[in-house]
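Open the structure in your viewer and keep the selection tool ready. The stops below follow one another, and each begins with something to select.

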Amino acid sequence: MSKDAVDTAQVAAHPEATRTPADAGDAGYSKDLKARHVNMIAIGGAIGTGLFLGAGGRLHDAGPALAIAYLVCGVFAFFVVKALGELVLYRPSSGSFVSYAREFLGEKGAYVAGWMYFLNWSTTGIADITAIALYTHYWSMFTSIPQWVLALIALAVVLAVNLISVKIFGEMEFWFAIIKVATLVGFMLIGIFLLATQHDVGGHTPGLSMITDHGGVFPHGLMPVVLVMQGVIFAYAALELVGVAAGETAEPEKVVPRAVNSIMWRVGLFYVGSVVLLALLLPGSVYSGDQSPFVTVLSKIGVPAAGDVMNLVVLTAAMSSLNSGLYSTGRILRSMAMAGSAPKFTRVMSRSQVPYGGILLTCAVCVLGVGLNFLVPSQAFEIVLNVASLGIISTWVIIMICHLIFVRRARAGEVTRPHFRLPGSPVTEIATIAFLLACLGMMWNDPEVGRKTLLLIPVIAVMLVAGWFGVRRRVEQNADQELSRLTKQ
């Protein structure tokens, strides 16, 4: 039984069908997220581990041209979030793009979208706990503790907090985002002061000479910039969280447009601005993938405590990202479970209206990441970053395909587009999809990790196909039961 048939029966059988959740997975949630929560979740999604930790290694590899990579990827990331924002205003759902994939691509599309998103966030969670362990090792008192132990402790703490309630999650993300924004602004003010006064930074005089005297904007050529693109996409990975959070806010039509429209200037200010500033303060060769670039700068200006403070902040950013990953996958898996394409236990909710089954499943995969930190602590972050990129790119491509179909149906008079719209359709969607697929192809030029990651695609495809044959009967039974329930109303 197709989802379209269920929707048609719903409208015919119930005159107030539009008041009922279009996705069964939307029922049972509280609406405790306020406008300030969603706005700061949007900011938090735009400022995460990819900037605080990943920018160091990328600056070392690509040089100042990293700012260009952040700008280009940021524009396409904005298109994705703008498209998702339009779909959210059309129909808010905690199932977010999985729910839209179900409507516009059918159950198979929802199944692929949901499990690839789960792959994205479960591996991102591994990257986050790896980052937390690396940050903690910055302090000498923790260097004797194995990286995998620190990763396990971090996972346990964030899991405990996430299971309490969505309001607590919202408050945590609000304050996490406040800390991240305040610290970045503070760093940029310090950096501008160092630049304006020509203050010595680790034996270097800040200024354009840090770029011109060390190989220019492209010190290692164009190829390293191309190679870091998929890592830069990872930096923007949590932007789509706004779509999930909209399902638990009382006024999405007011909150979402404001949050989405503000993303572009945040990207320009925080990502591009901070990378340009970092490049003007120190040569790219000084930065390292083992340490936050912000910590590198502050530690070299003669105030050791400054590095400690920044390290604490970037530790907070990684905790925030892990917290967001558990939140979003819990909601997405519940939407899938209600349709039959995820394990039944992921549909259960606690008394505080938290879908803890899906959260625990994501945590179980993150525990595998603890093992990765035990086996290959030096490579754990880079390995999972590349695998997460597969999930991110597929998720964003599915969002744009859903939007293309949505616009086509709107032009046919089947649905109504909201006033908040992605401009330039269908060119914008097609260009974004082409760019994302090109980023995927760029990974082949990295024989160490990227090429091996691409070779996982056939493995993932086989697993998805096998999984679909395992759940399709349950999906059909759920659709039939839903149709039967609606026709009796």
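Select Met 210, which is found in helix H9 (residues 209–212). Helices here are DSSP runs of H or I with at least four residues, strands are runs of E with at least two, and both are numbered from the N terminus. The model is a predicted one, in which local features need pLDDT of at least 70 and side-chain atom pairs count only at pLDDT 80 or more, while totals for chains, interfaces and linings use all residues. Residues are numbered from 1 along each chain as its sequence is written, and side-chain values use heavy atoms, with hydrogens and water left out.

Is Met 210 buried or exposed? Met 210 has a relative accessible area of 7%, so it counts as buried. The cut-offs are under 20% relative accessible area for buried, over 50% for exposed and partly exposed in between, with a 1.4 Å probe and protein chains only.

A contact means heavy atoms within 4.5 Å. Draw a distance from the C-alpha atom of Met 210 to that of Leu 282: the separation is 6.0 Å, although the two residues are 72 residues apart along the chain.

**Second stop: the whole chain**

Zoom out and colour by secondary structure. The protein chain has 20 helices and 0 strands. Of its 489 residues, 59% count as buried. Among the contacts with a separation of 6 or more, 80% are between residues 24 or more positions apart.

The protein chain exposes about 18,900 Å², and carbon and sulfur atoms supply 67% of it. Such areas come from the Shrake-Rupley method with a 1.4 Å probe, and for residues only the protein chains shown count as cover.

Select Tyr 70, Trp 115, Phe 187, Ile 233, Tyr 236 and Trp 396. Within the largest nonpolar core, which has 157 residues, these six touch the most other members. Helix H6 (residues 96–136) gives the most to this core, with 20 residues. A nonpolar core is a set of buried Ala, Val, Leu, Ile, Met, Phe, Trp, Tyr and Cys residues joined through side-chain atoms within 4.5 Å.

Keep Ile 233 selected. Which residues is Ile 233 in contact with, leaving aside its neighbours within four places in sequence? They are Cys 73, Ile 392, Ile 393, Trp 396, Phe 435, Leu 436 and Cys 439.

The whole structure holds 15 aromatic pairs. Rings of Phe, Tyr and Trp (its six-membered ring) pair if their centres lie within 6.5 Å; planes under 30 degrees apart count as stacked, over 60 as edge-to-face and the rest as tilted.

Select Tyr 70 and Tyr 271. Their pair is tilted, at 5.0 Å centre to centre with 45 degrees between the planes. Tyr 70 lies in helix H5 (residues 66–90) and Tyr 271 in helix H13 (residues 263–281), so the pair ties together parts that are 201 residues apart in sequence. Tyr 70 is buried at 0% relative accessibility, and Tyr 271 is buried at 0%.

Next take Phe 76 and Phe 435, whose ring centres are 4.3 Å apart with the planes at 10 degrees, so this pair is stacked.

**Last stop: charged side chains**

How many salt bridges are there? The count is 3, each being a side-chain nitrogen of Lys or Arg within 4 Å of a carboxyl oxygen of Asp or Glu.

- Arg 417 and Glu 86 meet at 2.5 Å, N to O. Arg 417 lies in the loop between helix H17 (380–411) and H18 and Glu 86 in helix H5, so the pair ties together parts 331 residues apart in sequence. Arg 417 is buried at 16%, and Glu 86 is buried at 0%.
- Glu 103 and Arg 91 meet at 2.9 Å, N to O. Glu 103 lies in helix H6 and Arg 91 in the loop between H5 and H6, so this pair ties together parts 12 residues apart in sequence.
- Glu 107 and Arg 102 meet at 3.2 Å, N to O, and both are buried.
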